[in-house]
Amino acid sequence: MLRIQKYLIIATAFLVSVGIVGCGGGTTPPAGAKPAYCVSIEQLAAKLGLSVQKAGTPYYELTNANNRVLLFLNDSGRVYVNGRAVGSVGTVRQVGGSYYISELMVPKIRGYLATSYNPPGQTGPSPKIPGALTGLVVIDPGHGGRDPGATSYLGYYEKDINLNIGRKVASYLQQQGIKTVMTRNSDTFIELNDRADVANRVGADLFVAIHADSNGDRLHRGYTVYVSRSASWASKKTGQNIESSMANTGMSSKGMRNADYRVLVRTKCPAVLVECGYLSNPSEAALLYDSQFQDRIARAIADGIVRSL
Ligand SMILES: [Zn+2]
């Protein structure tokens with residue numbers, strides 16, 4: 001908290017010194033008074049019909065049934081609406097226990113709010129085709145327990161996102177009458193060999209590993225589907241189907257690639273590994289954190305699987 005207050009003081013001093021006048025008009029308000037032309041985050045939420053789910057730093061989370069807004073009050077001060085970066089909060093002032101930002105943020109954020117977050121054609125699972133599908137699919141949420149995987153731009157761990165998406169994929173598949181087995185269904189560590197052995201032991205028809213990517217360059221973005229270098233026709237076909245259905249998420253594709261990951265090589269059944277976007281990219285980190293966007297990814301992966309069985 002001390003570090004953040006220091007940052008805010010420095011940031012405010014900088015903005016005033018370069019002549020940018022935002023919240024508060026560049027003058028110091030009397031102690032305890034509301035800065036001019038500003039709203040507190042709580043007032044902003046009320047004006048937008050949102051409630052404060054999480055308060056404080058590094059970010060506020062404001063939600064209603066159809067929207068999730070994240071406001072970062074430190075670092076770059078980004079604002080995300082439903083996983084989309086929509087700009088910066090601008091000058092932030094702290095008065096008493098509240099953070100104040102420009103009241104102009106109210107109409108700005110309102111312009112991005114959805115009355116219904118689910119786009120047409122993206123609500124719920126695909127129609128069930130009676131009797132058309134059989135199969136046993138092993139879903140492998142990458143990492144877990146003492147192995148967190150990548151750390152996202154927003155600070156959360158890859159292992160948790162993989163598990164959320166993996167569970168959702170399993171749920172969509174079950175709604176289609178497809179049997180699923182999860183290599184892990186909690187935050188536990190599992191050796192790579194053991195993950196593949198689960199598929200071999202239960203006689204799976206398909207193995208799908210769920211991961212999220214990371215790169216030192218924050219600009220890297222998009223999803224990638226991997227199969228092994230000696231992949232079977234069925235693995236490649238499944239990979240292609242998942243790669244094409246993932247386009248429905250709106251993320252860009254880095255295509256299908258070959259890599260001899262242990263879980264792909266050791267499994268006896270067709271096997272695919274999906275990297276569901278870059279946690280190191282601020283925008284995709286926000287998307288991957290969003291439960292409703294995780295649903296979209298899971299539905300896309302499930303659709304690709306369904307077309308492959
Ligand atoms: Zn991973």
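**Tyr261.** I started with Tyr261 and found it partly exposed, because 18 other C-beta atoms lie within 10 Å. (A residue is buried with 20 or more other C-beta atoms within 10 Å of its own, exposed with 12 or fewer, and partly exposed in between; C-beta atoms are placed from the backbone.) This is a predicted model, in which local features need pLDDT of at least 70 and side-chain atom pairs count only at pLDDT 80 or more, while totals for chains, interfaces and linings use all residues. Residues are numbered from 1 along each chain as its sequence is written.

I then looked up where Tyr261 sits: in the loop between S13 and helix H7 (262–266). (Helices, H or I of at least four residues, and strands, E of at least two, are DSSP runs numbered from the N terminus.) Leaving out residues up to four places away in sequence, Tyr261 touches Tyr226 and Leu273; contact here means C-beta atoms, placed from the backbone, within 7 Å. I also checked Val227, which is 34 residues from Tyr261 along the chain, and their C-alpha atoms are separated by 8.3 Å.

**H6.** Next I turned to helix H6 (residues 233–245), whose 13 residues reach 18 Å from first C-alpha to last, close to the 18 Å expected. (The expected span is 1.5 Å times one less than the number of residues.) Which residues of H6 are buried? I noted Ser235, Thr238, Gly239, Asn241, Ile242, Glu243 and Ser245. These pack against strands S11 (206–213), S12 (223–227), S13 (253–258) and S14 (271–278), and also against helix H9 (291–306).

**H4 and H9.** I followed H9 to its meeting with H4, where the axes come within 8 Å and cross at roughly 50°. (Axes are lines fitted to C-alpha atoms, for helices over the stretch in contact, with angles from 0 to 180 degrees between N-to-C directions.) That makes H4 oblique to H9; under 35 degrees counts as roughly parallel, over 145 as roughly antiparallel, 65 to 115 as roughly perpendicular, and the rest as oblique. On the H4 side I listed residues including Ile165, Val169 and Tyr172, and on the H9 side residues including Ile297, Ala298 and Ile301.

**His143.** Most residues other than glycine have a negative phi. His143 is buried, since 23 other C-beta atoms lie within 10 Å.

**Whole chain.** To finish, I noted 9 helices and 14 strands, with buried residues making up 42% of the 309 residues.

Definitions and conventions:
Expected span 1.5 Å × (residues − 1). Contact = placed C-beta atoms within 7 Å.
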